[in-house]
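Please look over the model shown below before reading on.

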Amino acid sequence: MELHILEHRVRVLSLARPGLWLYTHPLIKLLFLPCRSRCKFFSLTETPEDYTLMVDEEGFKELPSSEFLQVAEATWLVLSVSSHSGTATAVQATGVTKIARSVITPLAEHHVSVLMLSTYQTDFILVREQDLSVVIHTLAQEFDIYREVGGEPMPVSRDESSNGFTRVQHGPSPTVHPIQSPQNRFCVLTLDPETLPGIATTLIDVLFYSHSVPKEAAHGGPEPNSIPFFAFSLIEGYISIVMDAETQKKFPSNLLLTSSSGELWRMVRIGGQPLGFDECGIVAQIAGPLAAADISAYYISTFNFDHALVPEDGIGNVIELLQRRQETLGS
């Protein structure tokens, strides 16, 4: 397998809901006019708490500083995995599950904090720029590693990361975080960028003018019936959208594309308190057990919490599986 270190240098930001109005103009520019910003990596995820932005340096320049915008300190590099054997077959698990054993778990064992961004097309692993030498050293035996320079993949040897490298000793067991499963049924979709203008007004309405918390979630509680969640990414010209099935009804059905099975997904939301960026192994706690059970999953990290999407018909088994795993870690 090949591991590619992409050219994007990404910043991760939290935009407070009351400040959304201040950023409507730059966000519309990044959404619909990427040629004017030269931004090649743009992701916007709405959660009940805030809006998480993952943007490259060109996109970051478009966002003015304000009291509403919180910027994570680190710069993150983007990794992607490709297989020599081509795409997965219909019986193979997809999403973050297929890279759990080979990427997520080894990095957690070497105390490398990761963020995940699953899209319709692929899964992106984000690591701190300062951790790159550890990443290369950890994964070099499993992968042929390439670093993109000027759009061309350049081979990276393990020797390049070995100078001064000290193997990280195993630390304390990771924190066991609570999980919730809201009742939303989600779709993972894409569309041809040429048809983006066809959904522009609906997309603007959903992102900027439809932020009321669903009635079912207004009462709070440990297991909300539904939550506001909408993820849009435009990365290297490819569009990916995650939205709940009710929101999908607002869009023209002939423009949004999904898999041939039209599968719906349920969410597992990780974290009772904001997770932060320093703890390692959060993704592995979820992706590892799902991989062992061969369960497909998409995974989206945000500024405060993590979110896994699993097939709707398996949500009960997934919750039971993860709760057993938590009991084991907590004992």
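Accessible areas here come from the Shrake-Rupley method with a 1.4 Å probe, and for residues only the protein chains shown count as cover. On that basis the chain exposes about 15,500 Å², of which carbon and sulfur atoms supply 50%. This is a predicted model, in which local features need pLDDT of at least 70 and side-chain atom pairs count only at pLDDT 80 or more, whereas totals for chains, interfaces and linings use all residues. Residues are numbered from 1 along each chain as its sequence is written, and side-chain values use heavy atoms, with hydrogens and water left out.

**The chain as a whole**

- The chain holds 9 helices and 16 strands, where helices (H or I, at least four residues) and strands (E, at least two) are DSSP runs numbered from the N terminus.
- Of the 331 residues in the chain, 53% are buried, a word that stands for under 20% relative accessible area, with exposed meaning over 50% and partly exposed the range in between (1.4 Å probe, protein chains only).
- When contacts (heavy atoms within 4.5 Å) are taken between residues at least 6 apart in sequence, 79% of them join residues at least 24 apart.

- The buried residues of α8 are I282, V283, A284, Q285, I286, A287, P289, L290 and A291.
- Two packed helices are described by the angle between their axes and the distance between the axes; the axes are lines fitted to C-alpha atoms, for helices over the stretch in contact, and the angles run from 0 to 180 degrees between N-to-C directions.
- Helix α4 (residues 100-109) packs with α8 at an angle of about 150°, their axes being 10 Å apart.
- The helices α4 and α8 are therefore roughly antiparallel to each other, given that angles under 35 degrees count as roughly parallel, over 145 as roughly antiparallel, 65 to 115 as roughly perpendicular and the rest as oblique.
- The crossing in which α4 passes α8 is left-handed; a crossing has that hand if the near helix is turned anticlockwise from the far one by less than a right angle, and is right-handed if clockwise.
- On the α4 side A100, R101, I104, T105 and A108 take part, and they meet V283, A284, A287, G288, A291 and A292 in α8.
- By class, this contact of α4 with α8 has 8 nonpolar, 2 polar and 1 charged residues, where Ala, Val, Leu, Ile, Met, Phe, Trp, Tyr, Cys and Pro count as nonpolar, Asp, Glu, Lys and Arg as charged, and the others, Gly among them, as polar.

- The crossing of α4 past α5 is right-handed, and the contact is made by S102, V103, P106 and L107 of α4 together with V135, T138 and L139 of α5.
- The residues of the contact of α4 with α5 divide into 5 nonpolar, 2 polar and no charged.
- The axes of helix α1 (residues 24-32) and helix α6 (residues 200-208) come within 12 Å and cross at roughly 140°, which makes α1 oblique to α6.
- In a right-handed crossing, α1 passes α6, with T24, L27, I28, L31 and F32 of α1 and A200, L203, I204, L207 and F208 of α6 making the contact.
- The contact of α1 with α6 comprises 9 nonpolar residues, 1 polar and no charged.

- F277 is found in the loop between β14 (265-270) and α8, and at 15% relative accessibility F277 counts as buried.
- Leaving aside residues up to four places away in sequence, F277 touches V12, A72, W76, S113, L115, R128 and F303.
- F277 and E73 are 204 residues apart in sequence, yet 9.5 Å apart in space, C-alpha to C-alpha.
- D294, in the loop between α8 and β15 (298-301), has a positive phi of about 60° although it is not a glycine, and D294 is partly exposed with a relative accessible area of 47%.
- R38, in the loop between α2 (34-37) and β2 (41-46), likewise has a positive phi of about 60° without being a glycine, and R38 is exposed, with a relative accessible area of 55%.
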